[in-house]
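Good morning, and thank you for the time.

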Amino acid sequence: MKKTIIFICFLLIALIFIPSVFAQTDTGFRGQSINGATGLFSIPSGRIGWDGPGNFAVDFGYRAVINNDAGAAHIPAITMSLVKWIELSAAFDFQPNLYNNQENNDLLLGMKIKLPTSANTSVAIGGNIQLLNIDNENHNYNAYQPYIAITYAGNFFTMPAETTIVFGKTLYSGRDNNSNVDFGMGFDLILFPDVFKNAVHWIIDFSNYGYSDNAWPNNSLYHTSAVWRGILNTGFRVDLSSIPALKKYKFLLDFIFNDLFDDGSRSFTIGATFGFSAQ
């Protein structure tokens, strides 16, 4: 495990300081994050799910966040892209009950607006509304997270890559607020395109917040472990849309190792996204 952590740290440092960025065409890094917004794993990106050719597109997703000690959460999601610059998303987070069989389910709603920028850089302002423990009358609360996400394209050696940086703020209703600032950073790298074409993406992201304020796994009806230490996720996204017969659709498979640095919180997520655009 120590060797694995050292290896991941080395790769993270390399991806931050080594890559040189060159202008390139849009490579279509438009996967669905765990909470339904277009992005990496925990963090949104500066892109929306589709920006052409039609004015309406929809993605359907599902993810299972599996923890050996705590069980699995099941998260179906839907993401809509409108007029090439607006995105709406919704996800329902079915989590195992906590303590004396207390309900622990969340509804996650999001909106993102893509700003007019250069082809090499995408900037979006957005926000999400998190209705947490919605079926628990004694422990339900709401969280609101406005953010700005910046994504720019580049190359890591000869492999196309995108870097995303996110700044935001989480606010609460009915609970005390603080001066914490949300920050996330991640990379989406197409592995060995000469061999796999654009099919295999390696993704890594780090943030001081989870996919929701009460992301799974957790041992509390409030907040998540990211409040104290942050979350590092890494894994692979397989783009089956690179198969010629599926090129008109979006068909992605996710295999994610969640929160690698925190004992008890380390989990594995599997997921899939299917989408299409109305021509």
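What you see is a predicted model, in which local features need pLDDT of at least 70 and side-chain atom pairs count only at pLDDT 80 or more, while totals for chains, interfaces and linings use all residues. Residues are numbered from 1 along each chain as its sequence is written, and side-chain values use heavy atoms, with hydrogens and water left out.

Let me start with the overall picture. The protein contains three helices and 13 strands; these are DSSP runs, numbered from the N terminus, with helices being H or I of at least four residues and strands being E of at least two. Of its 279 residues, 50% count as buried. Here, buried means under 20% relative accessible area, exposed over 50%, and partly exposed in between, with a 1.4 Å probe and protein chains only.

How confident is the predictor? The mean pLDDT of the protein is 87, and 89% of the residues reach 70 or more, on a confidence scale from 0 to 100 for each residue. Among the elements, α1 has the lowest mean, 44, and strand β3 (residues 86-93) has the highest, 98. Over residues 1-27 the pLDDT is below 50, and this stretch has 39 contacts in the model beyond near neighbours in sequence. A contact means heavy atoms within 4.5 Å.

I turn now to K112, which is located in strand β4. Is K112 buried or exposed? K112 counts as buried, because its relative accessibility is 0%. The side chain of K112 places a polar atom 3.0 Å from the backbone oxygen of S45, and it also reaches the backbone oxygen of R47 at 2.8 Å. K112 forms a salt bridge with E87 as well, with the closest N and O atoms 3.9 Å apart. This pair links distant parts of the chain, since E87 is in strand β3 and K112 in strand β4, 25 residues apart. A salt bridge is a side-chain nitrogen of Lys or Arg within 4 Å of a carboxyl oxygen of Asp or Glu. By this rule there are nine salt bridges.

Another of these pairs is D59 with K250, whose side chains meet at 2.8 Å, N to O. D59 lies in strand β1 and K250 in strand β12 (residues 249-258), so the pair ties together parts that are 191 residues apart in sequence. Both D59 and K250 are buried.

These two residues also bring us to W50, which touches D59 and K250, among others. W50 sits in the loop between α1 (2-17) and β1 (56-67). W50 is buried, because its relative accessible area is 14%. W50 and K84 are 34 residues apart in sequence, yet their C-alpha atoms are 6.5 Å apart in space.

D263 is exposed, with a relative accessible area of 71%, whereas R266 is partly exposed at 30% relative accessibility. Elsewhere, salt bridges that share partners join R30, D51 and K114 into one network.

Thank you; I welcome your questions.

Definitions and conventions. pLDDT = per-residue confidence, 0-100. Polar contact = N/O pair within 3.5 Å; in protein donor to acceptor, adjacent residues only side chain to side chain. Lists of a residue's contacts leave out its neighbours within four places in sequence.
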